Amino acid sequence: MTATASAPSAPIRPHRPRVIVTRRLLPEVEARMTELFDVTLNESDAPMTRDALAAAMRDCDVLVPTVTDSIDAELIAQAGDRLGLIASFGAGTEHIDVGAARARKIVVTNTPGVFTDDTADLTLALIILVSRRFSENEKVLREGHWAGWAPSAMLGHSLMGRTLGIVGMGRIGQAVAHRARAFGMDIRYHNRHRQPAALENMFSARYEPDLDRLTAEADILTLHCPAGPGTTNLFDARRLSLMKPTACIVNTARGQLIDEEALIAALAEGRIAGAGLDVFAREPQIDPRLLELPGLVAMPHLGSATYEGRGAAGERVIANIRFWVDGHRPPDMVLPDMS
């Protein structure tokens, strides 16, 4: 009689896992975590040093980092045997070496989709602010230099009929297209893969496979692609030189997408009309020359900064941890990019 192989049993995980959270979350999220887990919170909210991250990863079952914590292969190699889940707070995963985690059988999760509308709202706000020159004109008012209404003074551009080039047509790019359509903009997009015809028809969007052509034709470019080796300095001096002198660029994705030195030169020399930035290459350090440029509108990484979005992200983190504790695949499990 042949023996039958038994099905592999689910891994045994602690009922109250030890969880370390690298930054302060909303009070209600932290309170719920405290109820459910053996949690250590970052009371100071100061970013953890690399040594502190390494120590945390040796001493917990679950690490809850944010997009500003770099969890690379070296840190993952030093992690303790008990670390089984990295439950990241935020949609991006480029700050985690997912492949190295998978090799150590450490599950990685994120919180996709919860910041889509908030980031799209901010993107549209920056498009309006830059196009209408609201920020620099408000400065004229605040500094007491306004001489009164004049028919040819303080002019910007209307959005109606202008060409919006969306670089990256994922969730946020689509949400921006939905909003821009209501303003009567001509929507074109560049993406690694063309979207289905039904989606293009929904937004009246036209696919442009040549990023250089889109850059040259757009009145406003808005960036919504992830950071990585293929997109670092995607908009360098050469590509920025293709833009119209009346065109603007908006970035609410990742600071590394734009070569800041090249952007400073393009704005200072009037080769492009403006830029709206919510992210920067070396956050939180910002090149002071950027802030002196009249065509720039700058925000301190506010794309996801709403009570609703941050609360929803916290709930997703908790849900991912609970699924993992129960031996189930977490709903937001991230797999390495094999492309």
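The model is predicted, so local features need pLDDT of at least 70 and side-chain atom pairs count only at pLDDT 80 or more, while totals for chains, interfaces and linings use all residues. Residues are numbered from 1 along each chain as its sequence is written, and side-chain values use heavy atoms, with hydrogens and water left out.

**Helices H1 and H13**

- Helix H1 covers residues 27–36 and helix H13 covers residues 307–325; they pack at an angle of about 15°, with their axes 10 Å apart.
- Axes are lines fitted to C-alpha atoms, for helices over the stretch in contact, and angles run from 0 to 180 degrees between N-to-C directions.
- Helices (H or I, at least four residues) and strands (E, at least two) are DSSP runs, numbered from the N terminus.
- Val29, Arg32, Met33 and Leu36 of H1 meet Gly311, Gly314, Val317, Ile318 and Arg322 of H13, where contact means heavy atoms within 4.5 Å.
- The residues of this contact divide into 5 nonpolar, 2 polar and 2 charged; Ala, Val, Leu, Ile, Met, Phe, Trp, Tyr, Cys and Pro count as nonpolar, Asp, Glu, Lys and Arg as charged, and the others, Gly among them, as polar.

**Aromatic pairs**

- The whole structure holds 2 aromatic pairs; rings of Phe, Tyr and Trp (its six-membered ring) pair if their centres lie within 6.5 Å, and planes under 30 degrees apart count as stacked, over 60 as edge-to-face and the rest as tilted.
- The ring centres of Phe89 and Phe115 are 6.3 Å apart and their planes are at 55°, so this pair is tilted.
- Phe89 lies in the loop between strand S4 and helix H4, and Phe115 in the loop between strand S5 and helix H5, 26 residues apart.
- Both Phe89 and Phe115 are buried (buried is under 20% relative accessible area, exposed over 50%, partly exposed in between, with a 1.4 Å probe and protein chains only).
- Tyr189 and Tyr207 form a tilted pair, 5.2 Å centre to centre with 45° between the planes.
- Tyr189 is in strand S7 and Tyr207 in strand S8, 18 residues apart.
- Tyr189 has a relative accessible area of 0% and is therefore buried.

**Leu291**

- Leu291 sits in helix H12, residues 288–291.
- With a relative accessible area of 53%, Leu291 is exposed.
- Neighbours within four places in sequence aside, Leu291 is in contact with Ile286, Leu296 and Ala298.
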